[in-house]
Every structure is written in C-alpha cells, then in structure tokens.
Amino acid sequence: MIHEVVSTSTFRKWFGTIELDNGLVLYTTGSIASWLFEGDKVEIRIKEKPKDVFGKKTLFFDDYDLYKIYGNAKIKVWDAFHKEFELPRLSFGREVYRYKILAREAIYEKDFESIAELEQYHYASQKSRVALWQCEECGTLVESNIKPKCDCGGEVHIVEIKGSTPASRFIVFELKDRQPYEPEVIAYVRVDPPVPLMHRKINGEIRKNIREQVFPREWFENIFSPEEEMKSLFKELRSENSLKIARHKLWERASKVAMKRCNSAASRIARVVVHPDYRADGIGITAVKTAVEWIAKRRVPEMRMKKHLIEVIAQMARFNPFFEKAGFFYVWDTASGKPVLYRPLTEMAEEMIRKFLETDEIAKEHGGKLCISRYGNVEKLKKLRFSGVSKVFGTVLDLDKVAGEVRFVLESFGVKQRVVERYVFRDVSFEVKPGEIIAVVGASGVGKTTLLRLIMGTEKPSEGMVEVEADKIVAIIPAEIEPEISDKSLIEQVYEVCGNIYVAVEILNKCGISDAVLYRARFNELSTGQRERFKLALCLAQKPSLMLIDEFAAHLDDVTAMRVARKISELARNAGITLIAVTHRKEVIKALSPDRTFYVGYGGVLTGDQSFP
Ligand SMILES: [Zn+2]
C-alpha cells in the first residue's frame, strides 16, 4: 500500500509519530519522524492490528514496517536498523569465547543517556558537560554527563547531546549477555549530513569548494545548513515575536527547514566513541564498518538521494588508522588544517577518488594514506657475540648472620661456613644477527636474566668473551635497569625522548596506550599493566639498536599481551631493532613471531631456529 505522509510530530530524539493520508498513526522515534515531511510517499506493511489511541488508529513500534519511496528506490525506514555480530575473546592465542553485540539505531531514551555517558570519554575532561537535561515538572535545564536529579523532585529527561544537531542520527553498540558490572552500550557512532562548506588548504593557499571539483556538484548542493535558513527566518519571526521568543524559535524552525531541504549523496561520520575498556577488541573498526552499512542501506540520515560517499573530518585520523582500515581514503586538508577522508560506497565514487589521488599533485604523494609510520629506522646492531662464555655463581653460606637456635641446627649438621658454586652457563657460544627478534624461554632461576645482564655488561663472564657493539642499548630488567621516569604526562615524556609528536603517539599506540585520556595521565596514576606498557614505550622512544626485555608482558592480560607483543615485534622488524625478550608465556612467543627462540637451562643456551613446540 502506497500512502502519503500527512504530518509528523517529534518528542525529543526517542519518540515521534507519522500520520498517513488514510488516518493511520505510526509510532516511531523522533530522529526518524523528523526526516519525514508532508507529501512524502511511503509503503507500509502492517504486522499487527492498529490500536485505538485517542480515537486514532495507531500502530505501535513493533506493529509495522515502513519504506520510503524516493524516485525508483524503496528505502527501509522502520523497523530501525539493527544487526547482531560476535567478536572473539582470545586467550593463549585461542578463542575462549565470543561475545555478542547488537548494533542498532538509537531508539530508546536510555540509548541517549548511554551516549551522553560515553561522550565523556570522548571529551576526556571532567569539566566538559556533554548533555543537556530538562526537568519534566519545573522545566529547569541542567548540563550534566549522567542523569541528574532535580531539586523539585521531578523526573529529568535528556534533551540534547551537545554538539549534535537535529539532523544527527546515532547507532549504538549494545553488549548482549553482559555481566552485571559491564556497561550496556560500549560504543556509538553519530552520523550527520556532510559539512555545508569545504575549502582546501594547499601550501598556505585556500581553494574554495574543493568537493565540487572532484565530485558531481549535486552531491553536495543541498546540505543541512540551518545557519543559512536562520538569516531569512529571523526577520519573519522577529516581526511576530519578542526578541527572546524569536531567538528560541529560530533554531528549531531553521533546523526544520534545513532538514527538509537537505539532500546529499554523502553522509558524515561525526563521532565514533568506544568505551575505554573495550577499545582493545577492535570495536572501533567494527563500529565504523557497521555504520557504513547502515548509511548505505538506509541512506542515513535523510533517506533520500542514493549515498555515494561517507565523509570524515578528524584530526585523530592522523594518529589512529582505524578509518583507513575501514576503507577510507585521505584526500586533503580543510582550510583549518584538518584531514578529510572519504569512504566510497559506489564504484562511481571510488573511481572519482582514485582519479583525484592519481592526478592531484599533493595527493599523488600521500596516495590516500594519512596514518603512516613515522618511526623510521634505527642504527643497526653491529655485533652481539658470545664466545665460550661460562658464568659461575658463588653463594656464601655464612652462619654469623643466622639466629642462635637456627645456627645450632645447622651446626649440628656440620654446616659452618661454606661456598656453594654452580654453573649458570658453561661454554656458551652464539651470535645474534642485526634486526633479529629472539624470544628467551626457560624455567625460573636458570639464568635468563643473567643472559641479559651479560649482554648489558652489568655482569661479567667467569670465562670467555661477550662482545656487544651497538649504538644504543635499552633494557628493562625489573628493579635493576629501567627507563628513567619523570612526573610529566606520558605523552610529554615520550615526546621529550623521541622528539617528534607523531612518533610519540605512534609509539604509545603500539604499546597499547591508545587513549587520549591516558596520554595526559601521569605514571603514578597507571595500573601495573599500563606502567609496564609505558616503560616499553620509553624504551622504543630511544630508537634503540638493541632492546632487552626481561619478563616481557608479565603484567598484561592475554589479549593485551598478545596485541602489544605483535605490535612491538612488527615495529622492531620494520625499524631494524634487535629485540631479545624473555618470557614464559606461549601466547606471547607466538605473537612475537621470533626469528629464533633461545632455551636457557642447565648451564646451556639452545639457540636453534626450531619453532616453539
Ligand atoms: Zn524540577
């Protein structure tokens, strides 16, 4: 059945109605109802009988499906987009369980409350208030990050996520089968129309309306721009209302008109926020990919013209590659110097982007890639050779320091003073090649740490020769050798050592400190595991030729340990760092994918290149 929309009403983002020309009233969300206008053609599939509400035949949320007819296309409007998927939790390199996530357009009031809570992590400051709330009873407006209470005792509702517009639509990622201590919503993505105007900065010069030079003009001709509408509307409203009321009505009315006009072949991902506890699991990329699907299928937000492109303007894309991993290409910088990325949704758009990247003088150089490694290469290790090395440890048993009664027992066994000597290494010879990655394994107390000390030179061999020639050697041997730590923020400390802010962020990310809140933190605010990762970052910041790590990833959970091991191994390999890491964890060895594994024990070092059993 094809019908026409007669009218719509909205109450906040989470409730709206659509009235059709046959008198039917449909319950939906405010964010969907606000995009439908009088005269829009729709097709309805009724699933349940209409109920009588105030004398109107009404279909509740679950009672119908709705499609919008636009040209020859039929775009699904309702029920709201949703999709279930699973992500693996790994342990010892194996999947221990999968957790379920339900991605769906934000439809409930509690979804918007969750968005406000997550938004705090985005702003990374306790001072910013991210949402506006209103008391139902007395009308008081309150800015807050979590649901506030009103002094009058009235019920408070969320009115607005600050920074969003009436045109914004949200998709939330809900954790299914969650534990009581886990959050319900772990990520959200906000989708807006593209920015109204975009100029490009190129060698200090501004090129206006750059998009129209690359894409068809009509793709960006009618973009949500309430500011434009406001100019003409203000005169009209002011003639009928007081200044205060005119201003109040202005934004609302202008937004409505702007939404009616808005019709673009592009959409913009305006926010991607992931709960900090879940950032490690690749939810950011999954969230973006799901939002891409939502935009393409449902033509979000307007539900009009076919979508060819998704736009992203985000400074953080310089530091974090997850947009690129989700298929976005870097194209240019805006007039204010922010990078712009596009995700083509059609072959036509992809062709246009490719042509631009191939022909534009500046784009030719970056080739559509923004987040590239800037770490560079280190001075390679010159020599690391053990020749006939033996190491004897002597322990002196001295009864002078033993308490009287204990001494009596020991003396009864004939123990007076004795020197116990044992070989830690006996005639060990090996050579490490520059750039090799070596995992060192063995039971505790068999000499793994001694091996590192011999390389560092803090321990001398009893016999034989240890030759090490390297430009820069760094090591972490807990409680013995550790990088110097100050009370400055983490990012400042890493930046001071490596001298390049992009490299500093890259190193922190590789070490699993990929959260802007953590960048600003100080060492004493970190957990044990975070401290360990930060020490690794400080080592890498020194661009070492040789890096020695004792008990690598000892304080990290399985998933984090593997991720950090994989990333550091990858960085070391690309940069030419020789890495020797002591670990007892199988999954860490696997993630390091070492060139060789050294087995230490019973006086020897087995240095074959056989893989770990
Ligand atoms: Zn109140």
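Domain bounds, as used here, come from an automatic or database domain assignment. By that assignment the protein has domain 1 (2-79), domain 2 (84-224 + 262-366), domain 3 (225-261) and domain 4 (383-393 + 424-606). The C-alpha centres of domain 1 and domain 3 are 26 Å apart. This is a predicted model, in which local features need pLDDT of at least 70 and side-chain atom pairs count only at pLDDT 80 or more, whereas totals for chains, interfaces and linings use all residues. Residues are numbered from 1 along each chain as its sequence is written.

The C-alpha trace spans about 105 × 65 × 45 Å along its principal axes. The secondary structure consists of 17 helices and 30 strands, which are DSSP runs numbered from the N terminus (helices: H or I, at least four residues; strands: E, at least two). Of the 613 residues, 38% are buried, a residue being buried if 20 or more other C-beta atoms, placed from the backbone, lie within 10 Å of its own. Two residues are in contact if their C-beta atoms, placed from the backbone, lie within 7 Å. Among contacts between residues at least 6 apart in sequence, 67% join residues at least 24 apart.

Helix 12 (residues 490-498) may now be examined with its surroundings. Its buried residues are Leu490, Ile491, Gln493, Val494, Tyr495 and Cys498, and their cover includes helix 13, helix 14 (516-519) and helix 15 (528-541). Just after helix 12, glycine 499 adopts a positive phi of about 80 degrees.

Helix 12 packs against helix 13 (residues 501-510) at an angle of about 120 degrees, the axes being 8 Å apart. Axes are lines fitted to C-alpha atoms, for helices over the stretch in contact, and angles run from 0 to 180 degrees between N-to-C directions. Angles under 35 degrees count as roughly parallel, over 145 as roughly antiparallel, 65 to 115 as roughly perpendicular and the rest as oblique; helix 12 and helix 13 are therefore oblique to each other. On the helix 12 side, Leu490, Ile491, Val494, Tyr495 and Cys498 meet Ile501, Val503, Ala504, Ile507 and Leu508 of helix 13. This contact of helix 12 with helix 13 has 10 nonpolar, no polar and no charged residues, where Ala, Val, Leu, Ile, Met, Phe, Trp, Tyr, Cys and Pro count as nonpolar, Asp, Glu, Lys and Arg as charged, and the others, Gly among them, as polar.

With helix 15, the axis of helix 12 crosses at roughly 20 degrees and comes within 8 Å, which makes the two helices roughly parallel. Leu490, Gln493, Val494, Val497 and Cys498 of helix 12 make this contact with Phe534, Ala537, Leu538 and Ala541 of helix 15.

Conventions. Buried ≥ 20, exposed ≤ 12 C-beta atoms within 10 Å, placed from the backbone.
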